[in-house]
Amino acid sequence: GFRHYTVADCEFNSSKLNDIEYTQSYYYNKLEYIRFSSSVGKYVGYTEHGIKNAERWNNGPEVISRRAEKERYCFRNVGNDVEAALTKS
């Protein structure tokens with residue numbers, strides 16, 4: 001069978017909140033075909049199907065809701081992630 005899955009991730013490269021990057025990647029059969037990155041601010045396609053979807057999603061409401069994910073998802077959890085990392089070190 002084929003597998004379709006999505007991975008959302010927050011990358012904390014420094015202690016500054018503005019340096020946090022939110023990404024959401026879409027995969028089909030282990031191949032990433034489209035990604036949203038908060039540092040770019042839009043969807044980027046990596047396959048023919050991904051490029052078509054990126055063009056459509058960047059012109060629709062999907063991109064606006066993704067731009068808010070950095071604040072909603074990453075900023076809300078930054079304290080938990082930092083605390084967990086510090087207790088393990």
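**Fold of the predicted model**

Seven of the eight residues of strand β2 are buried, so β2 is largely enclosed by the rest of the structure. Here, buried means under 20% relative accessible area, exposed over 50% and partly exposed in between, with a 1.4 Å probe and protein chains only. Helices (H or I, at least four residues) and strands (E, at least two) are DSSP runs, numbered from the N terminus. The model is predicted, so that local features need pLDDT of at least 70 and side-chain atom pairs count only at pLDDT 80 or more, whereas totals for chains, interfaces and linings use all residues. Residues are numbered from 1 along each chain as its sequence is written, and side-chain values use heavy atoms, with hydrogens and water left out.

The protein has three helices and four strands, and from the N terminus these elements follow the order β-β-β-β-α-α-α. Of its 89 residues, 31% count as buried. Among contacts (heavy atoms within 4.5 Å) between residues at least 6 apart in sequence, 30% join residues at least 24 apart.

The four strands form an open sheet in the order β1-β2-β3-β4, with antiparallel pairing. Strands β1 (4-11) and β4 (42-45) stand at the edges with a single partner strand each, so one side of each has no neighbour in the sheet. From one strand to the next, the twist averages 20°. Axes are lines fitted to C-alpha atoms, for helices over the stretch in contact, and angles run from 0 to 180 degrees between N-to-C directions. Helix α1 (residues 48-58) packs on the sheet and touches β2, β3 and β4; the direction of α1 makes about 165° with that of β4.

Strands of a sheet pair through backbone hydrogen bonds, either parallel or antiparallel. Two strands are taken as paired if DSSP finds at least two bridges between them. Strands β1 and β2 run antiparallel and are joined by eight bridges, with Asp9 opposite Thr23 in β2. The antiparallel pairing of β2 (residues 21-28) with β3 (residues 31-37) extends over six bridges. In this pairing Ser25 stands opposite Arg35 in β3, and Tyr28 has Leu31 as its bridge partner in β3. The hairpin of β2 and β3 has two residues between the strands, and Asn29 adopts a positive phi near 55° there. Four bridges connect β3 and β4, again in the antiparallel sense, and Arg35 is placed opposite Val44 in β4. In the hairpin of β3 and β4, with four residues between the strands, Gly41 has a positive phi near 85°.

His4 belongs to strand β1 and counts as partly exposed, at 48% relative accessibility. Leaving aside neighbours within four places in sequence, His4 is in contact with Tyr27, Tyr28 and Tyr33. The side chains of His4 and Tyr33 make a polar contact at 2.8 Å. A polar contact is a pair of N or O atoms within 3.5 Å; within protein, one must be able to donate a hydrogen and the other to accept it, and residues adjacent in sequence count only if both atoms are side-chain atoms. The C-alpha atoms of His4 and Lys30 are separated by 8.1 Å, although these residues are 26 residues apart along the chain.

A disulfide is a covalent bond between the sulfur atoms of two cysteines. One disulfide (a pair of cysteine sulfur atoms within 2.5 Å) is present in the structure. The disulfide is formed by Cys10 and Cys74, with their sulfur atoms 2.0 Å apart. The link of Cys10 and Cys74 is left-handed, with -85° about the S-S bond. Cys10 lies in strand β1 and Cys74 in helix α3 (residues 69-88), so the pair ties together parts that are 64 residues apart in sequence. Cys10 and Cys74 are both buried.

Arg66 is located in helix α2 (residues 61-67). With a relative accessible area of 17%, Arg66 counts as buried. Apart from neighbours within four places in sequence, Arg66 is in contact with Tyr22, Gln24, Tyr26, Phe36 and Tyr43.
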